[in-house]
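I opened the notebook to record what I looked up, entry by entry. The structure comes before the notes.

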Amino acid sequence: MLAQLARSGDREAFARLYRLTAPKLFGFALRILRRRDLAEEALQEAFVSIWRHAGEFKPEKALPQTWLAAIVRNRALDLLRSRRPEDPLDDDEQMEALPSEFPDPLQKTLASREARALLECLDQLPGKQRQVILLSYFHGLSHAELAQRVAEPLGTVKTWIRRGLESLKRCLEK
Amino acid sequence: MRYEDPKLRSLLAGEYVLGTLRGAARRRLERLMEQDPGLREAVRSWESRLAGLAETVPEVAPPRSVWQNIEAQTEPAARSRAFLWHCLGFWRGLALVSTAVALALALYLGLRPAPELPPASVAVLADQAAQPRWVLTASRIDLSRGRIRVEVLGTAPLPQDKSFELWLLPKGAAKPIALGLLPPTGKITLTLPAGIVRSFEKANTLAVSLEPQGGSPTGQPTGPVLYSGKLLVL
């Protein structure tokens with residue numbers, strides 16, 4: 001569908017793509033931004049970008065869902081980072097909000113093989129490594145921000161990220 | 001940095017995707033990616049690996065307005081909803097006093113490019129002689145971010161040592177709410193005080209008064225109201 005979109009600038013295909021993918025992507029933007037108005041803005045900007053750059057999508061290089069999610073995530077993190085500093089996310093809320101499993105059994109059945117594999121591998125990581133990886137994925141935190149958030153030295157956090165990523169890669173290669 | 005080391009490349013690519021790679025190091029990697037397909041591939045691999053996290057969220061239906069805004073921004077200009085902007089009837093609907101004024105306004109605005117996003121709220125403030133002077137618009141996104149855009153038609157005569165101040169008159173409430181100072185010519189985007197947006201959507205009149213330079217010292221209009229108009233919520 002994306003390929004068709006790219007070739008013909010087909011608005012029907014674009015509308016269909018939106019209908020099929022927007023609810024999940026909106027949920028994703030909401031998870032990152034925690035505010036409806038910002039999530040709406042991110043979703044809107046993402047789809048305008050998707051329309052304009054559909055020609056750059058290479059189906060042999062990536063899954064459409066990956067490409068769409070990456071665009072939404074980038075927009076959401078941009079918005080998050082440009083927010084006023086007086087509005088920090090509440091720490092406790094943030095800790096609870098990190099998803100490391102599917103919202104319900106039905107979602108798990110519908111999820112892709114890749115997603116299920118990732119969650120299984122994440123599950124096998126030591127808690128701290130999993131935590132910092134999820135924090136940076138969903139909240140776009142830098143090493144320094146992570147260190148502050150989990151109250152650990154910078155070097156420790158960097159090591160956790162490195163080890164966590166290495167373990168994930170090894171686990172997913174199996 | 002030994003970028004040829006595959007383990008290091010993979011780590012950098014992973015941190016790039018995760019977002020923990022920042023600043024100069026991030027920019028350096030982006031430059032390298034332009035020339036190095038292997039590095040681009042490493043980044044793509046990490047995007048694929050981590051993409052599953054985007055699936056762990058529940059679906060939430062976005063409001064229809066999001067799609068409307070997407071359509072408005074991706075439609076070719078000829079077919080855009082900007083047509084509404086140019087339509088005479090639209091301006092009559094703003095309860096301007098005379099057709100002649102509405103026509104003049106439509107022609108004036110017809111000469112400029114249509115706004116990117118369809119406005120959710122519009123007001124035209126006119127003087128006692130029903131000459132339109134200020135056009136206020138806000139798209140849905142603007143309102144959600146507490147912004148309104150004001151454009152002056154021509155130049156509003158402003159005596160020395162005075163300022164124009166914009167007020168919101170909520171329905172039924174006794175006190176006007178100060179929204180900010182306006183220039184006598186050109187455009188300005190005002191950021192509304194927090195919490196005002198909800199009043200904005202329930203109000204039906206806006207007004208501009210002449211105040212001492214810097215605005216009213218009392219927080220309420222102290223000078224004459226020179227312009228006013230109805231707020232239309234689309």
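**Entry 1: Arg34(A)**

I note here that the model is a predicted one. I then looked up where the residue sits: Arg34(A) is in the loop that lies between α2 (11–33) and α3 (36–53) of chain A. Its phi is positive, about 65°, although Arg34(A) is not a glycine.

**Entry 2: Asp161(B)**

I looked for a positive phi in chain B and wrote down Asp161(B), a residue other than glycine with phi near 65°. Asp161(B) belongs to the loop between β3 (147–155) and β4 (162–170) of chain B. Is Asp161(B) buried or exposed? I found a relative accessible area of 52%, so Asp161(B) is exposed; the cut-off for that word is over 50%.

**Entry 3: strand β2 of chain B**

I stayed in chain B and turned to strand β2, residues 132–139. How many of the eight residues of this strand are buried? I found eight of the eight, so the strand is largely enclosed by the rest of the structure. I also looked up its pairing with β3(B): the two strands are antiparallel and joined over four bridges. For one position I noted the partner: Leu136(B) is bridged to Val150(B) in β3(B).

**Entry 4: chain A as a whole**

I went back to chain A and listed its secondary structure, which comes to ten helices and zero strands. Read from the N terminus, the elements of chain A are therefore α-α-α-α-α-α-α-α-α-α. Of the 174 residues in chain A, 52% are buried. I also looked at contacts in chain A with a separation of 6 or more: 62% of these are between residues 24 or more positions apart.

**Entry 5: α7 and α10 of chain A**

For packed helices, I need the angle between the axes and the distance between the axes. I took helix α7 (residues 113–124) and helix α10 (residues 154–173) of chain A, whose axes come within 9 Å and cross at roughly 130°. α7(A) and α10(A) are therefore oblique to each other. Their crossing is right-handed. The α7(A) side of the contact has Ala117(A), Leu118(A), Cys121(A), Leu122(A) and Gln124(A), and the α10(A) side has Leu168(A), Cys171(A) and Leu172(A).

From Asp123(A) to Leu168(A) I noted 45 residues in sequence and 9.9 Å in space, C-alpha to C-alpha.

**Entry 6: α9 and α10 of chain A**

Last, I looked up helix α9 (residues 143–150) of chain A, which packs with α10(A) at an angle of about 105°, the axes being 9 Å apart. α9(A) and α10(A) are therefore roughly perpendicular to each other. From α9(A), the contact uses His143(A), Ala144(A), Leu146(A), Ala147(A) and Val150(A); from α10(A), it uses Leu154(A), Val157(A), Lys158(A), Trp160(A) and Ile161(A). I sorted the residues of this contact by class and got eight nonpolar, one polar and one charged.

Terms used: Residues are numbered from 1 along each chain as its sequence is written. Chains are lettered from A and ligands numbered from 1 in the order in which they are written. This is a predicted model: local features need pLDDT of at least 70, side-chain atom pairs count only at pLDDT 80 or more; totals for chains, interfaces and linings use all residues. Side-chain values use heavy atoms; hydrogens and water are left out. Axes are lines fitted to C-alpha atoms, for helices over the stretch in contact, and angles run from 0 to 180 degrees between N-to-C directions. Angles under 35 degrees count as roughly parallel, over 145 as roughly antiparallel, 65 to 115 as roughly perpendicular and the rest as oblique. A crossing is left-handed if the near helix is turned anticlockwise from the far one by less than a right angle, and right-handed if clockwise. Contact means heavy atoms within 4.5 Å. Ala, Val, Leu, Ile, Met, Phe, Trp, Tyr, Cys and Pro count as nonpolar, Asp, Glu, Lys and Arg as charged, and the others, Gly among them, as polar. Buried means under 20% relative accessible area, exposed over 50%, partly exposed in between (1.4 Å probe, protein chains only). Two strands pair if DSSP finds at least two bridges between them.
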